[in-house]
Amino acid sequence: MLRLPEEEQYRLLWEKYGLTEEKAKQLKAQGFTYYDLDKASMYAYVAQKPIEEVLELRRENPWMKIELLLNITPQLLHDRDLLRRSECAEKWWGVKADLVYRMFMEGYPIHYIRMAYILSLHSDWTVEDILHTRKRSKKWAVWAQENMGIAPEDIKIWIKQFPDPSVARKPKE
C-alpha cells in the first residue's frame, strides 16, 4: 500500500470529504489510520452519520459488517459516491453538481466530464453536446481540433488550470 506523507493525507481527506486536518489528527491520535479515516469518511457520508459513529463501529468490526450495520447497500454506496463526487466537481472546478451527477448517471466518467467542461468554457458547445458527440475512439485533442477548431496546445494549458485535487500529489524531491 502506498504510504502518503502526512500532509498529503490531511489534504486528501479535506478535499474529498471536508475532514479538517485538526479533526483528522484527533482521530489518528485515537489509533485510526489514514485508510480508516478515508473509508469511514465515505461511509459517514453515505450513511449520513457522524464519522465518530462509523469509527466506533470500526473498533470491533470489519468493513463489510459496518456496511451491514449502517444499511449501506452496494446501490446506495454507488449513488451516494456519485453525489459526493458531483459536489466535489462543483467545489473544485465550478461545474454544476446536478450536471455532473446527470452525466455520471449517463455513464460518463469524471475525467470525461471535466474535459467536456473545459472545452465548453472555450466554445459555444455544452458539456452534454460534447459528451454525446465525442466517441472514445477519437483522442480529445484530435476531436476538439476537428470539431471545434481548438489547438491541442491550448487544451494542455487549460487542463493544467483544472487539476484533480483528489489525486495524491507526488512528493517533491
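Colleague: How do α3 and α4 pack, in angle and axis distance?

Modeller: In this predicted model, helix α3 (residues 34-47) packs on helix α4 (residues 51-58) at an angle of about 120°. Their axes are 8 Å apart.

Colleague: Oblique or roughly perpendicular, then?

Modeller: Oblique, because roughly perpendicular covers 65 to 115 degrees and the angle here is about 120°. That is why α3 and α4 count as oblique to each other.

Colleague: Right-handed or left-handed crossing for α3 and α4?

Modeller: Right-handed for that pair.

Colleague: Nice. Which residues meet there?

Modeller: From α3 you have Asp36, Leu37, Ala40, Ser41, Tyr43 and Ala44. They meet Ile51, Val54, Leu55 and Arg58 in α4. By class, the contact of α3 with α4 divides into 7 nonpolar, 1 polar and 2 charged residues.

Colleague: Let me jump to the start of the chain. What do α1 and α2 do?

Modeller: Helix α1 (residues 6-17) and helix α2 (residues 21-29) pack with their axes 9 Å apart, at an angle of about 115°. Their crossing is right-handed.

Colleague: How many of the residues in the contact of α1 with α2 are charged?

Modeller: There are 4 charged residues in that contact, along with 3 nonpolar and 1 polar.

Colleague: OK, now the other end. How do α8 and α11 cross?

Modeller: The axes of helix α8 (residues 110-121) and helix α11 (residues 152-160) come within 10 Å and cross at roughly 115°. The two helices are therefore roughly perpendicular to each other. α8 passes α11 in a right-handed crossing.

Colleague: What makes the contact of α8 and α11?

Modeller: Arg114, Met115, Ile118 and Leu119 come from α8, while Ile155, Trp158 and Ile159 come from α11. By class, the contact of α8 with α11 has 6 nonpolar residues, no polar ones and 1 charged.

Colleague: Switching to pockets: how much space lies in the largest pocket?

Modeller: About 180 Å³.

Colleague: Which residues line the largest pocket?

Modeller: The lining is made of Lys16, Tyr17, Gly18, Leu19, Ser41, Ala44, Tyr45, Ile51, Arg84, Glu87, Cys88 and Lys91.

Colleague: How does the lining of the largest pocket split by class?

Modeller: The lining has 6 nonpolar, 2 polar and 4 charged residues.

Colleague: Last one, zooming out. How many helices and strands does the protein have?

Modeller: The secondary structure comes to 11 helices and 0 strands. From the N terminus on, the elements run α-α-α-α-α-α-α-α-α-α-α.

Colleague: And what box do the C-alpha atoms fill?

Modeller: Taken along the principal axes, the C-alpha atoms fill a box of roughly 60 × 40 × 25 Å.

Note on methods:
Residues numbered from 1 in each chain as written. Predicted model: local features only at pLDDT ≥ 70, side-chain atom pairs only at ≥ 80, totals over all residues. Heavy atoms only, no water. Axes fitted to C-alpha atoms, helices over the stretch in contact; angles between N-to-C directions. Helix = DSSP H or I, 4+ residues; strand = E, 2+ residues; numbered from the N terminus. Left-handed = near helix turned anticlockwise from the far one by under 90°. Nonpolar A, V, L, I, M, F, W, Y, C, P; charged D, E, K, R; others polar. Parallel < 35°, antiparallel > 145°, perpendicular 65-115°, else oblique. Contact = heavy atoms within 4.5 Å. 1 Å grid on protein atoms, 1.4 Å probe; cavity = no way out; pocket = protein on both sides within 12 Å on 5 of 7 lines; lining within 4 Å. Points joined across faces, edges and corners; volume = space filled by probe spheres on them.
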